[in-house]
Structure formats: C-alpha cells, structure tokens
Amino acid sequence: MKVPTGKAQVGAQLILEHRSSTLQPGAFAMSMNSDIYCGDVTLTDKPEVLNQIELNVANNVPSSIIQRSKVSALSWGINHYQFPTDYDIILGSDIVYKKREYHLLLKTLQHLSNQNTIIYICSKMREFMGAMNFHEKLIPQHFNSEIVHSVPEKEINLYKVTKKVPGAY
C-alpha cells in the first residue's frame, strides 16, 4: 500500500500521518522503507519501551529520512492532548487488548483525528479481550468503520475507520 505524503505518527500502538508524519510498534517501524515513509513520523508507545523503538528506528530507517522521525511516549487518555489533532493517517496494530482501557484508546483516537483522518486498525479478534465488542459496539459510537481485509484462519481483521461528521447519518 502506497501511503500519501503527509503527517503521521508511529508507535507500538498507533501510526499517524501528517502528509509528512506516523505511530506504530517497533515491528512496524522495522518494515518501514522510503516507499511508505513519506512524511514526518512520530513513533509512540509506553515510556518503558521507547528505548527499543529508538533502536529500531536507528537500525532500520534510512539515514536520508531519519531526521523526519521522532519517538515519543503516548499514554492513552493521559497525555494524548500533547499531540496534534490533524493527522492524515493513523495506523494501529494490535492495540485492542485491554478492555478496561478501551475508553482511553477511544478518547485518544478522537483527539488525534479529524474528519479527514483515515485510521487503520489491525486486530486479532480475541473474544476474551473483547475485540469484537470494541470494533462492533464502541468504535461505531464515534467513528465509521469497515473491514478492508481479513485473514479468517488467523482471526485477524484490518479496519478502516473515519471520524463521524456531526449531524451526518
């Protein structure tokens, strides 16, 4: 998938793109290359794992674009307000895993996005973790959502999510 240039954020939890930026886990950062890394990128995760993400960036992001990346701590529902609200793309991989924190994740996604933001969330549909409930009941309260790819034998879905426009149906 070719990502447009813009503003994004990458973290062990999410990726956001500002036509020049991104947020996702260390494993994703390792797969980034100049074809998809087309904007300013912020990789985020919990404070205790930032050293690993910094190491992944140093070892895997081409030197010609490394200055466009930054690593930052993001704690859902706590410091999200320190991040911009105008991301173009947000990517989240395996971020739906703690039922008791779903409201914090939603609050964070609402802050980081606007009506033009496209959010992609890749989830293993673990019933015991409430992934189905998150995607089918909680996300639709604030966002439009559709499955754009599925791997049924592994119970993995990729969702495309956009913020609902107030007053629209």
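Guide: Start with one term. Contact means heavy atoms within 4.5 Å. Keep in mind that this model is predicted.

Visitor: How do I use that on a helix? What covers the buried residues of H4?

Guide: The cover includes H3, S6 and S8.

Visitor: Which residues of H4 are buried?

Guide: Buried means under 20% relative accessible area. In H4, that picks out Ala 131, Phe 134 and His 135. Look down the axis of H4: these residues fall within an arc of 85 degrees, so they line one face of the helix.

Visitor: And which residues are exposed on the other side of H4?

Guide: Exposed means over 50% relative accessible area. Glu 136 and Lys 137 are exposed there.

Visitor: Let me try H2. Which of its residues are buried?

Guide: H2 spans residues 50-60, and its buried residues are Leu 50, Ile 53, Asn 56 and Val 57. Their arc around the axis is only 120 degrees, which puts them on the same side of H2. The face turned away from that buried side carries Asn 51, Ala 58 and Asn 59, which are exposed.

Visitor: Step back to the whole chain. How many helices and strands are there?

Guide: Four helices and eight strands. Read from the N terminus, the order is β-β-α-β-α-β-β-α-β-α-β-β.

Visitor: How much of the chain is buried?

Guide: Of the 169 residues, 46% are buried. The accessible surface comes to about 8600 Å², and carbon and sulfur atoms hold 53% of that.

Visitor: What share of the contacts joins residues 24 or more positions apart?

Guide: Take the contacts with a separation of 6 or more. Residues 24 or more positions apart account for 61% of them.

Visitor: Now the interior. How should I read a nonpolar core?

Guide: Think of it as buried nonpolar residues joined through side-chain atoms within 4.5 Å. The largest one here has 22 residues, and Val 96, Leu 109, Ile 121 and Ile 139 touch the most other members. Helix H3 (102-112), strand S6 (118-124), helix H4 (131-138) and strand S8 (156-163) each supply at least two residues of this core. H3 gives the most, with five residues. A second, separate core has six residues, including Val 41, Leu 43, Ile 53 and Val 61.

Visitor: What is Val 96 in contact with, leaving aside neighbours within four places in sequence?

Guide: Val 96 contacts Tyr 102, Leu 105, Ile 121, Ser 123, Arg 126, Met 129, Ala 131, Phe 134 and His 135.

Visitor: Where is Ile 139 found?

Guide: In the loop between H4 and S7. Ile 139 counts as buried because its relative accessibility is 0%. Beyond four places in sequence, the contacts of Ile 139 are Leu 106, Leu 109, Ile 121, Phe 134, Ser 145 and Val 161. Check one pair in space too. Ile 139 and Lys 163 are 24 residues apart in sequence, with C-alpha atoms 9.5 Å apart.

Visitor: How many salt bridges does the structure hold?

Guide: One. Lys 98 pairs with Glu 101, and their closest N and O atoms are 3.8 Å apart. Lys 98 counts as partly exposed, because its relative accessibility is 25%.

Visitor: Backbone next. What is the phi of Asp 94?

Guide: Phi is near 55 degrees, a positive value in a residue other than glycine. Asp 94 sits in the loop between strand S5 (89-93) and H3. Its relative accessible area is 37%, so Asp 94 is partly exposed.

Visitor: And what is the phi of Glu 155?

Guide: Also a positive value, near 55 degrees, in a residue other than glycine. The loop between S7 and S8 holds Glu 155. At 47% relative accessibility, Glu 155 counts as partly exposed.

Visitor: Last point: confidence. Where is it lowest and where is it highest?

Guide: Read pLDDT as the predictor's confidence in each residue, from 0 to 100. The lowest mean is 39, in helix H1 (residues 26-31), and the highest is 94, in strand S7 (residues 143-151). Residues 1-5 have pLDDT below 50, and this stretch has 14 contacts in the model beyond near neighbours in sequence. Residues 18-36 stay under 50, and the model gives them 94 contacts beyond four places in sequence. Across the chain the mean pLDDT is 77, with 76% of residues at 70 or more.

Notes: Residues numbered from 1 in each chain as written. Predicted model: local features only at pLDDT ≥ 70, side-chain atom pairs only at ≥ 80, totals over all residues. Heavy atoms only, no water. Buried < 20%, exposed > 50% of the residue type's maximum accessible area, 1.4 Å probe, protein only. Areas by Shrake-Rupley, 256 points an atom, 1.4 Å probe, with all protein chains shown as cover. Arc of directions from axis to C-beta. Salt bridge = Lys/Arg side-chain N within 4 Å of Asp/Glu carboxyl O.
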